[in-house]
Amino acid sequence: MSKRILVVEDQPDNRQIIRDMLAPTDFEITEAENGEEALAAIAKQRPDLILMDIQLPIMDGYTATSRIKADPALRSIPIIAVTSYALSGEEKKARAAGCDDYVPKPFSPRQLLAKIRQYLR
Amino acid sequence: MLEDRASAGEIQTALDTIPVLICTTRPDGTAESVNKCRREYTGLALDEAKDKGWVSAVHPQDLESFAAKWRTIIASGKMGDAELRLRRFDGDYHGFKVRAVPHRLSTCRRCSTRLANRRHGFAMPTLRQCIANRERNIAFIATYGSAPEHREFILNRIPFEAGRGTVLGRTLLERKPVQVLDVVADPDYSLQEVQRKFGFRTVLAVPMLREGNPVGAIVLMRLTVRAFTDRQIELAQTFADQAGIAIENVWLFDEIQDKSRQLEEASQHKSQFLANMSHELRTPLNAILGYTELMADGAYGEPSEKMLGILKRLEANGKHLLGLINDVLDLSKIEAGQLELELSDYCVQDIAQTVRSTLEPLAADKKLAFKVEVAPQMPSGRGDGRRLTQVLINLVGNAIKFTDAGEVAIKAEANNGAFCVSARDTGPGISATDQAKLFQEFQQADNAITRKKGGTGLGLAISKRIIEMHGGRIWVESQPGKGSTFTFTLPVVVERQVEPT
């Protein structure tokens, strides 16, 4: 069975890039535009990995991550923060919120895919 | 100064036997006891002479000088002599040599402390008030012979405004000391109601001036009709001048604090703005670089050779733009004191390799040799490896940018607990004048270079700060025509970020 990736990202271009990046792979993709939608999507169908933008409308990526990591049933899902929010200590904050990994934007699709494969071997 | 009530009677008896005029007083000058000899001379009974009564026997012209002497004696705690005329029971005055002896050291000390406290109690609230009421003018009122709480009460009933109706108003109007011998007899005086309640008669007001404008005043009130002497007025004015200066200092200090708070806020806003801007600038860049890479990788069909070339150019330019944005963000963080080193273990060999793999293609494009000479057996370092990589990329990137033929070389070694890393090129070299400017923000050796070679001119300034935060040093050695060598040294182990000076 193919692995499912939840992409939480409010920028249509960035969702498109990730979609195109994953197109040649056999990963399945679900999309959410903010933290709230992400939680709803997870409740519907458990993903195997989450790509989490941090600066999001309605509910930001930190909050969504903390909620997911607070749920024992969901805690094991790896979350990769993908963010262009560039204040210092951002990586530390992302990890403190419970993110398993951190990829700064602009990201190289090639490198992001390699990172995803690390978690979904 | 008799404090011990049990022995007061005995002492009184003893004093009565002495054929010299003696009176004992409290620190404020009110009499506690008057001996027999003195009672007989002045003709005043004990009740009449007690408290302030004894003063009535002193010749009015001697009172001020004696009071001054008295204060000196009390303040110093040391015995003192004075001359004054005392009225005899028949109304004649006779000159006396008077000796005042502070009684008991402990009591004396207490006197002087009490006086000091009273001074303190007067001055401190005024200063506090000044701070609290920065926008408001202030008057201080001292009344002779009435309770301190009356001061506040009276103060609240005297308007702080220039006018003929009050003595305070007149001093504000005239900007010099004003004395009214008897406010009851003054036709212009308008605060009769307050006057009747508290009974003050002679009033002196001296202004506190700031750049010639009154900011406050000191008002002295007497319950009797008796003029303040020139000396007293002068003293009050001196105090008012000092208070004026103190108030001005407090205001200035407050203003400076406000200013620096505002500046700090503005600086915070600026760096927040730059951080936000940088985010806004990176977001579209993510799309540009992302699509470019996907296209080059054939996600949208195999690109032709020509297209691949263009895509590479697109990527290079996008990355350059990203570098510029990062530089501006770094500098804003440095300026806001927000740049923090993330300390972890690093390996100099790895850093050199990262720099090589990043920049060797650029050197190859210009047909430059790229050398890396890292000494064997280098110890593992502790510091911010990512930032140190950034510094070396900057130095080597510059070397490649400015060198048209020959080579660029990275050299690294460890000596005496410090790493020494350099980037050497065979470029045009830098004149001594330009070397001095290199590490300053927004400076490139030649502004024309910015147009030709690009760059923000921030790279070396940022590198310098990063190295200094590691407790290290960075410098350049160069001669025009003979290439340049940029070198930095830093401790192998950095446990704590060095605050910039």
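Analyst: A salt bridge is a side-chain nitrogen of Lys or Arg within 4 Å of a carboxyl oxygen of Asp or Glu. This is a predicted model, in which local features need pLDDT of at least 70 and side-chain atom pairs count only at pLDDT 80 or more, while totals for chains, interfaces and linings use all residues. Residues are numbered from 1 along each chain as its sequence is written, chains are lettered from A in the order in which they are written, and side-chain values use heavy atoms, without hydrogens or water.

User: Why is the pair B:D297 and A:R110 called a salt bridge?

Analyst: The closest N and O atoms of B:D297 and A:R110 are 2.8 Å apart. The limit is 4 Å, so the pair qualifies. Two salt bridges are counted between chain B and chain A.

User: What makes up the contact between chain B and chain A?

Analyst: Contact means heavy atoms within 4.5 Å; by that rule chain B gives 22 residues and chain A gives 20 residues. The two chains bury about 2000 Å², 53% of it on carbon and sulfur atoms; this is accessible area (1.4 Å probe) lost on being put together, summed over both. On the chain B side, B:H279, B:N286 and B:E293 lose the most area, together 28% of what that side buries.

User: How is the packing of α12(B) and α15(B) described?

Analyst: Helix α12 (residues 385-402) and helix α15 (residues 459-469) of chain B pack at about 145 degrees with axes 10 Å apart; axes are lines fitted to C-alpha atoms over the stretch in contact, and angles run from 0 to 180 degrees between N-to-C directions. Helices are DSSP runs (H or I, at least four residues), numbered from the N terminus.

Key: Helices (H or I, at least four residues) and strands (E, at least two) are DSSP runs, numbered from the N terminus.
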